[in-house]
Amino acid sequence: GELTVYASTQNPEKTQKFTASCCSLPNHKVVCRMKRMGGAFGGKETRSVFISAAAGVAAMKLKKPVKIVLDRDEDMWITGTRHPFVGVYKAGAKKDGTLVAMDVDLYSNAGYSTDLSESVMDRALFHIDGSYKIPNLRVKGYLCMTNTTTNTAFRGFGGPQGIFVCESIVEHLAAELRIQPEIIRHKNLYHKGDLT
């Protein structure tokens with residue numbers, strides 16, 4: 001048989017693929033239709049897929065249309081949100097604010113499954129230097145599995161968390177050096193031709 005799935009999703013291909021797999025159908029036998037894409041800032045990239053797959057399995061078994069509509073509280077409970085991060089670091093700078101080194105461990109609350117947590121961590125790691133040239137930089141990322149809702153894609157996809165940790169380090173260094181953070185920021189900006 002064939003199956004048409006109407007879904008509120010940001011990833012129709014993944015909805016098609018997983019629904020087909022759960023229904024033991026080839027991908028080309030499942031069509032995913034959606035009214036519009038967007039508006040969830042990443043939150044509907046993967047978290048809606050299992051609802052679509054469940055409806056697909058039920059429709060195949062019952063041989064009639066099946067509709068699943070979640071209450072708002074259920075929807076919020078399963079959707080997840082932006083990954084909370086903690087940055088533990090050692091950093092060094094000269095008295096004039098020139099950055100010398102940063103050694104950062106990033107910890108991300110993935111929730112009860114990894115979902116998109118690896119990709120979110122990758123982006124946080126890539127953004128940890130912000131817009132600053134740091135001659136000696138080491139950063140490691142750790143996904144922490146917890147008993148909370150799985151966290152997922154969210155606007156910025158890890159970039160804001162990495163930049164926030166970097167800017168917090170700059171603020172802390174400025175306080176220790178008793179200079180304005182803007183001095184550190186300006187002194188260490190990447191310039192044209194610098195390697196990033």
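1. First, the ground rules. This is a predicted model, where local features need pLDDT of at least 70 and side-chain atom pairs count only at pLDDT 80 or more, while totals for chains, interfaces and linings use all residues. Residues are numbered from 1 along each chain as its sequence is written, and side-chain values use heavy atoms, with hydrogens and water left out.

2. Start with the largest nonpolar core, which has 21 residues. A nonpolar core here is a set of buried Ala, Val, Leu, Ile, Met, Phe, Trp, Tyr and Cys residues joined through side-chain atoms within 4.5 Å. Buried means under 20% relative accessible area, exposed means over 50%, and partly exposed is in between (1.4 Å probe, protein chains only). L99, V104 and L106 have the most contacts inside this core. At least two of its residues come from each of β4 (99-111), α4 (117-127) and α5 (159-177), and α5 gives the most, with 6 residues. (Helices are DSSP runs of H or I, at least four residues, and strands are runs of E, at least two, numbered from the N terminus.)

3. What does V104 touch, not counting residues up to four places away in sequence? The list is V88, Y89, I128, R138, V139, K140, V165 and I169. Contact means heavy atoms within 4.5 Å.

4. Now look at S108, in strand β4. This serine is buried, at 1% relative accessible area. Leaving aside neighbours within four places in sequence, S108 is in contact with H83, P84, F85, M121, Y142, L143 and C144.

5. The largest pocket holds about 940 Å³ of space. Of the 34 residues that line this pocket, Y6, A7, S8, I51 and I68 are the closest to its centre. (On a 1 Å grid over the protein atoms alone, a pocket is an open set of points where a 1.4 Å probe fits, with protein on both sides within 12 Å along at least five of seven lines; lining residues have an atom within 4 Å of a point.) β1 (3-6), α2 (49-62) and α3 (72-79) each supply at least two lining residues.

6. Finally, how many disulfides are there? The count is 0, taking a disulfide as a pair of cysteine sulfur atoms within 2.5 Å. The sulfur of C23 is 6.5 Å from the closest cysteine sulfur, in C22, so that's too far for a bond. C22 is partly exposed, at 46% relative accessibility, whereas C23 is buried, at 12%.

Note on methods. Points joined across faces, edges and corners; volume = space filled by probe spheres on them.
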